[in-house]
Amino acid sequence: LPFLQGFLVVPYYALTRFGKWNDILQQPAPSYDSLFTRGIWNYARGAALIGTGRLEEADQELAQLQAIVANQDLAEVPASFSPNSALDILRIAPEVLAGELAARRGDFDRAIAHLERAVRYEDALIYTEPADWHYPVRQSLGAVLLQAGRADEAEVVYWEDLRRNPGNGWSLFGLTQSLRAQEKSDQAAQADKRFRKAWLNADIQLTASRF
């Protein structure tokens, strides 16, 4: 039942979302070995290796993921109950990894280009609940724009994500950062108030809109 694959990768998604890098690197390969599950495993491992500064090893995970995405069989296989194919979903992953790798190396123009492509792929997904991709990629794009000193562009990205995902704390945090960077003090205070309300019961602290 290949449309159940989306459930099998939830642990990888969760660990990636919350930056549990060492936990990810201790995870075995998926017991159900398909192009999709292996691709998400490569994606999670690549994110963890970037997060721990092992960029050359992350390059290897990215290369394996890109090879999987290039496999034509991926387009014929469902990965969830939605009409989105495994390819529709998985093609987001190498763009996110490539973007984060480039950002870590200080190549912000390349990083932003990859993440903008990932956003377009995410926007192209047919709507479903829960979403077939595990987090809003605009939260990575906004974080990298802030790193690149492009706070005004980051602000636009966060406002758009909040339009699509109202009240989410991750983008409210990034929005607050982008407003402060532009010295929009009153707006930043309002955004921070909204963030603190959204994050009231959270048990993690953010330093950016993604780990």
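Predicted model: local features only at pLDDT ≥ 70, side-chain atom pairs only at ≥ 80, totals over all residues.

Modeller: Residues are numbered from 1 along each chain as its sequence is written, and side-chain values use heavy atoms, with hydrogens and water left out.

Colleague: Why is Ala14 called partly exposed?

Modeller: Buried means under 20% relative accessible area and exposed over 50%, with partly exposed in between (1.4 Å probe, protein chains only); Ala14 has 37%, so it is partly exposed. Ala14 lies in helix α2, residues 10–17, where helices are DSSP runs of H or I with at least four residues, numbered from the N terminus.

Colleague: What makes α8 roughly antiparallel to α9?

Modeller: Helix α8 (residues 108–124) and helix α9 (residues 138–147) pack at about 160 degrees, their axes 9 Å apart; axes are lines fitted to C-alpha atoms over the stretch in contact (heavy atoms within 4.5 Å), and angles run from 0 to 180 degrees between N-to-C directions. Angles over 145 degrees count as roughly antiparallel, and therefore α8 is roughly antiparallel to α9.

Colleague: Which residues of α8 and α9 make the contact?

Modeller: Among them are Phe108, Ile112 and Leu115 of α8 and Leu141, Val144 and Leu145 of α9.

Colleague: Which residues does Tyr43 contact, leaving aside its neighbours within four places in sequence?

Modeller: The contacts of Tyr43 include Thr16, Leu65, Leu97 and Trp133.

Methods
Helix = DSSP H or I, 4+ residues; strand = E, 2+ residues; numbered from the N terminus. Parallel < 35°, antiparallel > 145°, perpendicular 65-115°, else oblique.
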